[in-house]
Structures are given as structure tokens and as C-alpha cells.
Amino acid sequence: MAFAATRVYANPAGDAPTTPDKAITELQDWSQALGDGVDAKPYGVPSKYEAGVVRRNVEWLTASPQSSVNFTPLHDLEGIITPNGLCFERHHGGVAEINPAKFRFMINGLVEKPMVFTIDDLKRFPRENRIFFLECAANSGMEWRGAQLNGCQFTHGMIHNVMYTGVSLKRVLEEAGLKTNAKWVMPEGGDSAAMNRSIPLFKALDDCMLAYAMNGEALRPEQGYPLRLVVPGWEGNMWVKWIRRIEVGDTPWHAREETSKYTDLMENGNARRFTWEMDAKSVITNPSPQAPIKHKKGFTVLSGVAWSGRGKVSRVDVTIDGGKNWHTARLDGPSFDKSMHRFYYEFDWNGEPLLLQSRAIDSTSYVQPTKDELRQVRGYNSIYHNNAIQTWHVKANGEVENVEIS
Ligand code: MTE
Ligand code: CO
């Protein structure tokens, strides 16, 4: 495949341009005067030309912005790390603005000695740095019954992938000393929603973390400053933000968020409880409805992200003809357990309409299902835990639309 310079594409015959390109022949403003000195922005922000790269919400989805969600602009991102200012937010009672000097974290219940920690106390435990995705169980929930929202930001943007710094939860629980009948822990938030969940002890002692930093700096208030629970690979709702307490018990608490919410209503009318692990999933971020093809036919870069709550993503398949032919995508960038992976498929677009899909396969050999395959098992009542294959319809003019074909 030829990688011709894109300016030549503007002139398909390959002739020399007839009008001079002013971007070359004229001196630009930025070349003619000194720019801002250092410290013009003590905390840096993106170029003003990137102003469209923002989290977005869908106003009709929720009644108030305090109990709501906005979405990560996946189509504008590269690599696997979500910048802190673009991590989607999901709050049930707004953002708690916690003064760290007044912050306390407690452990009580079935422990030898109930304990209280300040943030500085927690920073004296040995530290860990780990990269994990957090996906809300409701991600893609609006797409169960058919294609609905036009953009991967809205269909798949309830996910972020950052590096956390903090303490292993096991280490802190050991400090308090677990009683022999301890089986479950209940993290509780210090926000106005006081969100709580039941987590089995085996997970708490496996890879959970109490994190105070993300991507090298303190957590953002939106993400739980000064402390949040990290529950790798499990649904985002369990990752309690602004965490103030962990109670240790011998049975689950059956809190609101694990009964009336975050359970899956099956076809027979029974609700399936405790769907913790997030199944393997992927989405093509470019092209997508918010990122149409602008260059007409020819060399085209298709890109996307894939993740699994059970381990690494070992392979991603891509089709551009609605599943008639599948191609192995090229995975690029670091591959970590329960972290986002980046994939690419480069192809020569003939300018005709396309049906794009991606399918993730994880390190347990689990294969991401089609929507029909998922609905055969789960029915049509569900909202949460939709990890089905997404289809984008690329039209001849390069515009892209959310559609469903299987
Ligand atoms: N923790 C508290 N205390 N309050 C909340 O509203 N929302 C939960 C979880 N933890 C929530 C919370 C939900 S449903 C999700 S998906 C994640 O936080 C969202 O994390 P984020 O805002 O960092 O994206
Ligand atoms: Co959620």
C-alpha cells in the first residue's frame, strides 16, 4: 500500500498545485512575535484548537446533573491512557469537595482493631502503581434494544483507563486484622449519596487498591479526591469514590446499588444479582459518527480500544463488510491485565459504503458476542452489562452512523 503525502491527495492527478499554498508561502503570526513566557499557565491546558475535546452529557438521560453521567470522548483519544480532565464522571449525589485535612478513612466490623487513617497515614504504607480500566455497568445500556446514540463517546464512553497510585487494600485490612468469620467488605462513600456496595473478601484481598493518585497527580474531585476504591475488572459502581469507611462482615448487605440497581432483569422476570466482572468488549473509535472519514477513498487508518475484566486482550478482529470477512487487528502499546488495549487496522478504502465491527478475544479465550447472541442469553429487559459488538455504517461521503445488523 502506498503512503503518499496527503497534500498530493488534494491534487489527484499528481500535478504541481496551481495556486500557492499560503500555509507555506506566508509567514504566520506565531513566527513573527514572541510567544507567552514560562508560567503563563502554571497548570497547563490543551491548545485552544483542541477546545472540542471534552466530556459530554446527554441531557435527556437523567433528571438532574447531580445524579447523572457524562462521557469520555473516546474518538478524540490516542493510546491507552485517559487524560484526567477527560475521564467520564458518574455521580449519584454530585461531586463531594473534600478538605483532605478533615478527611478520615475508617475500618470497622469483623476486625481485631477498628482503625482510623488520615491520607498522610495511608501514604506511609508501601505504594503500588497499576493501570486499570473502570467501566460503568450501564455503559452501552441505551443500545440494548437497538442502535440509539450517534457516537462512540455516548455508546461506549462510560469508561476510563488511568494509572492509579495507592495502597493494596489487603495490606490495610491486615493492619486492622481480619476476624476468622470475615467474608465480605462494605466500602461506603463520604458523598451525599453515601454510596455503598458489598464486595466478597476474596476480591478485597486479591487486587483491590485504595488509590489517592491517578496519572501521577492527586485524584480529581470528580474521581473521588482524596481517596477511592479500585476494584480491577469489576463494574464501576463498586469503585466507591470519596471512600470514608470499610465495614467487614460475614454476609452481603444487599444495598440499593446491588438490588434495585445494577442487577440484570432476565426474560423470566427474575433479576440476576452480583454481575461483577466486566466481560471483554471493544469499539472502533475512528472512524465513528463523531469522527467521519474526511479524506475520501484511499489509505485509511481504523483504530479502536478493547478491554476485559478477566485479564488481557489477546486478539481483536475487525470487519469492514459487516462480518463477511474478518481481519486480525494490530495491537499496539502496552498490554496489561484489566487495562485498555489499542488496536489498528489499516486498509485501502475503495470509497464504497462500509459496515465496521470489532470483536475482542481475551486471555481466557472468551469471544465478544454479537447483540443477538447476547440477547439470546439475557433477553431484552437488560440495561447493564452490554458488551455486544458495535456496528458503524460508513457512507460513501465518509459520514458514519450507528446501526445494528446482528
Ligand atoms: N462512589 C460514590 N461515593 N458515589 C457515586 O455516585 N458512582 C459509581 C462509582 N463510585 C459513585 C461512586 C459509579 S456508578 C461509577 S460508574 C463510578 O464511580 C464512576 O467513576 P468516575 O466518576 O471516576 O468515572
Ligand atoms: Co456506574
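Biologist: Which residue lies over the face of Y366?

Modeller: This is a predicted model, where local features need pLDDT of at least 70, side-chain atom pairs count only at pLDDT 80 or more, and totals for chains, interfaces and linings use all residues. Residues are numbered from 1 along each chain as its sequence is written, chains are lettered from A and ligands numbered from 1 in the order in which they are written, and side-chain values use heavy atoms, leaving out hydrogens and water. A charge sits over a ring if NZ of Lys or CZ of Arg is within 6 Å of the ring centre and within 35 degrees of the ring normal. At 5.9 Å from the ring centre of Y366, the residue is R310.

Biologist: And at what distance from the ring centre of W326 does R359 lie?

Modeller: Here R359 lies over the face of the W326 ring. The distance to the ring centre comes to 3.9 Å.

Biologist: How many aromatic pairs does the structure hold?

Modeller: Rings of Phe, Tyr and Trp (its six-membered ring) pair if their centres lie within 6.5 Å; planes under 30 degrees apart count as stacked, over 60 as edge-to-face, and the rest as tilted. By that rule, the number of aromatic pairs is 12.

Biologist: How far apart in sequence are the parts tied together by the pair of W184 and W276?

Modeller: These two form an edge-to-face pair, 6.0 Å centre to centre with 65° between the planes. Helices (H or I, at least four residues) and strands (E, at least two) are DSSP runs, numbered from the N terminus. W184 is in strand β8 (residues 184-189) while W276 is in the loop between β15 (271-272) and β16 (281-286), so the parts they tie together are separated by 92 residues.

Biologist: Are W184 and W276 buried or exposed?

Modeller: Buried means under 20% relative accessible area, exposed over 50%, and partly exposed in between (1.4 Å probe, protein chains only). By that scale, W184 and W276 are both buried.

Biologist: Which residues make up the cluster that ring pairs link?

Modeller: W184 and W276 belong to it.

Biologist: What relative accessible area does F274 have?

Modeller: F274 is found in the loop between β15 and β16. Its phi is positive, about 55°, although F274 is not a glycine. F274 counts as buried, with a relative accessible area of 16%.

Biologist: Is S365 buried or exposed?

Modeller: S365, also not a glycine, has a positive phi of about 75°. It sits in the loop between β22 (354-362) and α8 (371-378). With a relative accessible area of 57%, S365 is exposed.

Biologist: Which residue does a cis peptide bond join to Y225?

Modeller: Omega is about 10° at that bond.

Biologist: What is omega for the cis peptide bond of N286 and P287?

Modeller: P287 is found in the loop between β16 and β17 (298-307). Omega for the bond joining N286 and P287 is about -5°.

Biologist: Over which residues does pLDDT stay under 50?

Modeller: pLDDT is the predictor's confidence in each residue, from 0 to 100, and the chain averages 95. Where pLDDT is low, the predicted coordinates should not be read in detail. The stretch with pLDDT under 50 is residues 4-11.

Conventions:
Contact = heavy atoms within 4.5 Å.
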